[in-house]
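Hi,

Here is the structure I promised to pass on.

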Protein chains: 2
Amino acid sequence: MTQLSPDFLSAAKSLLGPKGWSTEAEDLEKVVSPWRGTYKGETPFLARPATTVETAELVKLCNQHGVAITPQGGNTGLVDAGTPHGEICISMQRMNAVRSLDAFNNSMVIEAGAPLVTAQQAAEDAKRLFPLSLGSEGTATIGGLISTNAGGVAVLRYGMMRDLILGLEVVLPTGEIWNGLSGLRKNNTGYDLKQLFAGAEGTLGIITAATLKLFPQVQRASAWVTCASTDDIVKLLALVRDHAGDTVTSFEIIPANAVAMVQADVPDTRDPLPSDLPWRVLMEVSMSREDHARDVLEGALASAYESNLVADAVIAESVAQADSFWHIRETIPLSKRAYGTALNQDISVPISRIPDFIKACNQAVLEQVPTAEFVIFGHVGDGNLHYSVCEPGNAAQPVLRGQDAAVFRIIYDQVMSFDGSISAEHGVGRLKRDELERIRPKAATETMRAIKRALDPANIMNPGRVINT
Amino acid sequence: MTQLSPDFLSAAKSLLGPKGWSTEAEDLEKVVSPWRGTYKGETPFLARPATTVETAELVKLCNQHGVAITPQGGNTGLVDAGTPHGEICISMQRMNAVRSLDAFNNSMVIEAGAPLVTAQQAAEDAKRLFPLSLGSEGTATIGGLISTNAGGVAVLRYGMMRDLILGLEVVLPTGEIWNGLSGLRKNNTGYDLKQLFAGAEGTLGIITAATLKLFPQVQRASAWVTCASTDDIVKLLALVRDHAGDTVTSFEIIPANAVAMVQADVPDTRDPLPSDLPWRVLMEVSMSREDHARDVLEGALASAYESNLVADAVIAESVAQADSFWHIRETIPLSKRAYGTALNQDISVPISRIPDFIKACNQAVLEQVPTAEFVIFGHVGDGNLHYSVCEPGNAAQPVLRGQDAAVFRIIYDQVMSFDGSISAEHGVGRLKRDELERIRPKAATETMRAIKRALDPANIMNPGRVINT
């Protein structure tokens, strides 16, 4: 762990003020213990700046003293990007204000430490929509979501987090402040720096605020359908988009065994359409008028039924019923954990190749682990699958534990052979850094390294995440 | 002009083959004479590589011999980015194939030299939509459109060109090839390099191919309305989006005097709604079902009429009628030139500030040129105005010619005071480089310069465009 000099400590404390720092064991413990808890970090010092200027002054100080920094948002990441491992931790959580909202420009300036719900709520108060939505939205912060380019359940319609920003304010590794909080939709005045900081996991600077895009509010129509195969599901997506255009907001695949796991774990869960078929799809169309959305969804499902792409379908009659569909979808990760052991990967492949990928990957895993079970769910509309290899907790002869490395290698190789990505929405961090240096084209890694070295020559900004430096 | 050594020339010619190069005056003349003709370049050598590998080998050769390169697409740019000024010219026009199209993945791999119409047509053949659309679509190439991050008339709905790419293949300044032709919608495996090359105007590498996003086809409903003020127009946009959500594809402002200029220039043009009011709006809603689109547009216009935001409105009864609305819009630039002298700027401001910007900027220009007339049209939905200061060709005492620098400085200062951008969609090139170095935050320019130096240490890739190096 970094030894901090008394000079650095006294300067940092005086700069941040009494509320702006901590070395209490309890406070440090929180920021080094991430949400999922499969790894743990350490840090000598927690900074909680209240302003962009304080953040910038602290970074300058770190430069002078050669102190490395890990910026942190809600600490909900899954790839060990935002947990310090010896670095000082700069938590952005005190910077959580909505600075301004311009309803006519459909934009909002919000600070990095605000949780996603704050942005969603501020948009709603202005009769607008901020469409990013994901499980950890009460805790995950705007800065963290941008730094990891978060995904979620509405990417098919609205894109990833990087598609939802108009501008950024960033403290650069030198401690300079770049005010790029543009509210402009068109601004071709040089390299698009905001897209470089987005997804850089804090390795190129600290995002302190962002200008977010807002959208018109929409009405949803949701359906739950049963399907015989992933071939049918890929065709179904195309058919639904033929009918609904790009108003298809979500198109989530759910396997029958995941519904059973949720029912076992949460006893009062009702399966909307009990069936022996292996797959369900939860789809949502959203439009300005609810009658149009329902009209389009009904037309699509009638046509899908005629084409034998769905066996059975139910359209939610109320918001409560739609929420009950989503509740099953959102409960899968926890119920899967309750079921037993699960080795989880977040991958993507071209949508058209999903069926062949699943067949090939399952078969390859079964050669290594003949008793493996599979829970494969996620965002088919984005080609993004949460792929889990499972074993019941009460297995007579458990074999899965300890096989992580072997199983992951098999999955990675299969993903790559289908032109996919081994990190669809979770990012790189420390967890997938080395694997990605093995997989990624050398020209890409070298270009990334050149950029990192050019912008952070002292290598103090979240070192060792994304790429080796 | 660069003196090319005999060694370089013989190696380049042998590498490119007889069809792959020219030093004929006639061929060189074409590539140094851009479409609009307000500036002119020079070049000693035109390369026309047929493959990515040939392009890469040529770049390596240029590195060895210290030869600077200007990559070129359709040469339709407006900011002097793609015209060589002494550099050799690498024209991408022989690389114009659609390499593949995956309708289920909604993606297409296409080479950089293909004109935009090729992409539009290939999408249509597969019953999909490639939504980018602009005046020069028959000539402008995919590589050039990505390198300049082109805009056009459907940005409100579909975004700029950078929003329409899933992956890129790029020859780096070192001559290495980066194959980043991913067809994935989610791929968080490091810095998003494609977004760095997009909009870099060829200063960081040569784009040789791209994976484009395709969309479902849609049906249009178009309306032409008359309005009393830009205040009303900004409110009208919000009202229409309340009714139509993000299915509003276009929302174009047209001043009455521009309609008159088009009518004078193209005598059989019919004004859809003759009126003494100063403004028209051409708006378009597009949805999967035409009846829904019309329904929504009618509802929006009825409500706008009740709120006194529009005076009169006509919804196109046919595709031909809609096209006749668009014809007026698309003819403005040429008719404006026929009318007389015009000093043109492509700027953007936050949508909410458009009315105040127009008032303030017109007033400031009138202080310099009391007889100035204004033609202000463009993409209000994106905050992007084409702002022209005009004078009739038959003016008794012409005063506008020669005042470019003074008028542009006034416009730039006004744009900046409204948090706008002096290059909304046309880019930087050589034309706006120095002005932008004056205006842009120093931290941004220095970051761009650090990136340029890191990726192109020999400074051979389109030097002097975007930033000074």
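Below is what turned up, starting with how the chains meet and ending with a few local details.

One thing to keep in mind: this is a predicted model.

**Where the chains meet**

Let's begin with chains A and B. On the chain B side, 84 residues are in contact with 84 residues of chain A. How big is that interface in terms of area? The size of an interface is often given as the accessible area lost when the parts come together. Here, chain B and chain A bury about 6,700 Å² between them, with 60% of it on carbon and sulfur atoms. Within chain B, the residues that lose the most area to chain A are Lys186(B), Asn188(B) and Tyr191(B), and together they make up 16% of what that side buries.

Twelve salt bridges run across the interface of chain B and chain A.

Which parts of chain B supply the side that touches chain A? Several elements give at least two residues each, including strand S9 (177-180), helix H8 (230-244), helix H10 (290-306) and helix H15 (442-455) of chain B. The largest share, nine residues, comes from H15(B). Sorted by class, that side of chain B has 36 nonpolar, 29 polar and 19 charged residues.

Chain B has an open sheet of four strands in the order S1-S2-S4-S3, with mixed pairing. Strands S1 (21-22) and S3 (69-72) of chain B are at the edges with a single partner strand each, so one side of each has no neighbour in the sheet. S1(B) pairs with strand S2 (residues 46-47) of chain B in the antiparallel sense, over two bridges. In that pairing, Trp21(B) stands opposite Ala47(B) in S2(B).

**Over in chain A**

The UniProt record, an unreviewed entry, annotates residues 39-217 of chain A as "domain: FAD-binding PCMH-type". That span is 22% helix and 24% strand, and its end C-alpha atoms lie 40 Å apart.

Counting over all chains, the structure holds 58 salt bridges. One of chain A's is between Lys60(A) and Glu57(A), whose closest N and O atoms are 3.5 Å apart. Both sit in helix H3 (residues 52-65) of chain A, and because they are three residues apart there, about one helical turn separates them.

Definitions and conventions:
Residues numbered from 1 in each chain as written. Chains lettered and ligands numbered in written order. Predicted model: local features only at pLDDT ≥ 70, side-chain atom pairs only at ≥ 80, totals over all residues. Heavy atoms only, no water. Contact = heavy atoms within 4.5 Å. Buried area = accessible area lost by both parts, 1.4 Å probe. Salt bridge = Lys/Arg side-chain N within 4 Å of Asp/Glu carboxyl O. Nonpolar A, V, L, I, M, F, W, Y, C, P; charged D, E, K, R; others polar. UniProt positions renumbered as here; feature names shortened; annotations may be inferred. Pairing = 2+ DSSP bridges.
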